[in-house]
Amino acid sequence: MSLETCAACGKASEGLKACKACKLVKYCGRECQIAHRPNHKKACKKKVAELFEQKLYEQPRRNEDCPICMLLLPLSNECAYKPCCGKMICMACHVSLTRDCCPFCNTPTHQSEDEAKKRLLKRIEQYNDPEAMIILASYYNIGKGGFRVDHLKAAELLRRAVELGSAGAHFNLGQMYSLGRGVELDKKKAVHHYQMAAILGSEVARYHLGTIVGNEGNDKLAMRHFMISAKSGHDDSLEYVKKGYVNGMVTKSEFESTLRGHQASRDETKSEQRDRAKLLYKGFDPFKCYEGHSLT
């Protein structure tokens with residue numbers, strides 16, 4: 001192992017620990033890191049901001065496949081969650097199921113709202129399931145499923161899911177900060193959570209970021225967000241990219257690349273069965289669907 005130099009004391013040794021934030025410098029230990037902090041703080045913050053921006057404008061990773069039809073899972077509002085075992089499936093497979101039990105765990109389909117609530121709570125208590133937390137938070141937000149409206153409880157659940165790295169939780173918590181619902185109104189925190197959701201692959205959050213920076217007058221940055229989400233298959237984002245191209249804010253090569261990406265993304269998730277399911281659920285705009293019920 002080659003020797004490395006501590007940024008604080010200058011001693012050369014093996015196995016130095018890098019600054020966790022920027023990875024630019026290394027130290028003998030915590031004492032050296034604390035001592036060097038005043039000199040390193042400015043460069044560290046600059047590098048962290050650069051790394052964050054790089055992550056923010058990367059094309060996010062693809063979704064997982066639906067475990068039934070084995071096609072790529074579509075956008076989040078076209079999926080259904082199974083509260084018995086925590087599986088996420090496409091809406092087409094959800095509506096086509098004819099068995100009276102789950103195809104994965106063979107648990108009988110719930111026959112009452114109370115039974116459904118118990119399954120959600122079990123997923124949270126025993127498995128720390130972030131998807132179940134998001135759904136339960138939505139119930140508290142709108143007073144659904146026998147729960148009284150409790151925005152504070154909803155925010156608490158979303159914070160738990162955020163800690164588990166859930167894109168959906170970041171997006172929903174961003175919405176709450178944007179509206180001042182259950183939390184103090186804070187537009188900066190709302191944008192932060194939209195950004196984290198976008199990094200984790202939320203097309204809806206990316207679309208929100210585009211509209212926010214666009215309303216602030218930064219059309220170039222808005223188009224960057226819209227092009228990324230359009231390439232992930234988000235139709236409304238593609239419409240903004242089209243307008244951007246017409247108005248000279250998007251180049252021809254960028255527009256063509258976005259069109260190809262959008263089409264490729266849609267092709268990966270397309271099937272006749274899914275088209276029929278879309279017609280069945282047309283008019284709903286759920287963030288997730290739980291046993292066929294919209295969760296707005």
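Modeller: A disulfide is defined here as a pair of cysteine sulfur atoms within 2.5 Å. This is a predicted model, in which local features need pLDDT of at least 70 and side-chain atom pairs count only at pLDDT 80 or more, while totals for chains, interfaces and linings use all residues. Residues are numbered from 1 along each chain as its sequence is written, and side-chain values use heavy atoms, with hydrogens and water left out.

Biologist: How many disulfides does that rule give?

Modeller: The count comes to zero disulfides. Cys6 is in none, as the nearest cysteine sulfur, that of Cys9, is 3.6 Å away.

Biologist: Why is Cys6 called buried?

Modeller: Buried means under 20% relative accessible area, exposed means over 50%, and partly exposed lies in between (1.4 Å probe, protein chains only). Cys6 has a relative accessible area of 3%, and is therefore buried. Cys19, with a relative accessible area of 4%, is buried by the same rule.

Biologist: What share of the chain is buried?

Modeller: Buried residues make up 42% of the 296 residues in the chain.

Biologist: What makes Lys118 and Asp114 a salt bridge?

Modeller: A salt bridge is a side-chain nitrogen of Lys or Arg within 4 Å of a carboxyl oxygen of Asp or Glu. The closest N and O atoms of Lys118 and Asp114 are 3.6 Å apart, so the pair meets the rule. The structure holds eight salt bridges.

Biologist: Where do Lys118 and Asp114 lie?

Modeller: Both are in helix H3 (residues 113-127), four residues apart, which is about one turn of the helix. Helices (H or I, at least four residues) and strands (E, at least two) are DSSP runs, numbered from the N terminus. The chain has twelve helices and eight strands.

Biologist: Why is Lys118 called exposed, and what is Asp114 called?

Modeller: Lys118 has 55% relative accessibility and therefore counts as exposed, the requirement being over 50%. Asp114 has a relative accessible area of 39%, so it is called partly exposed.

Biologist: How do you know that Lys242 and Glu239 form a salt bridge?

Modeller: Their closest N and O atoms are 3.3 Å apart, which is within the 4 Å limit. Lys242 and Glu239 are three residues apart in helix H10 (residues 235-246), about one turn of the helix. Lys242, with a relative accessible area of 32%, is partly exposed, and Glu239 is also partly exposed, at 41% relative accessibility.

Biologist: Why is Met196 called partly exposed, and which residues does Met196 touch?

Modeller: Met196 has 23% relative accessibility and therefore counts as partly exposed. Met196 is found in helix H7 (residues 187-199). Contact means heavy atoms within 4.5 Å. Not counting residues up to four places away in sequence, Met196 touches Phe52 and His170.

Biologist: How far apart are the C-alpha atoms of Met196 and His151?

Modeller: They are separated by 21 Å, the two residues being 45 residues apart along the chain.
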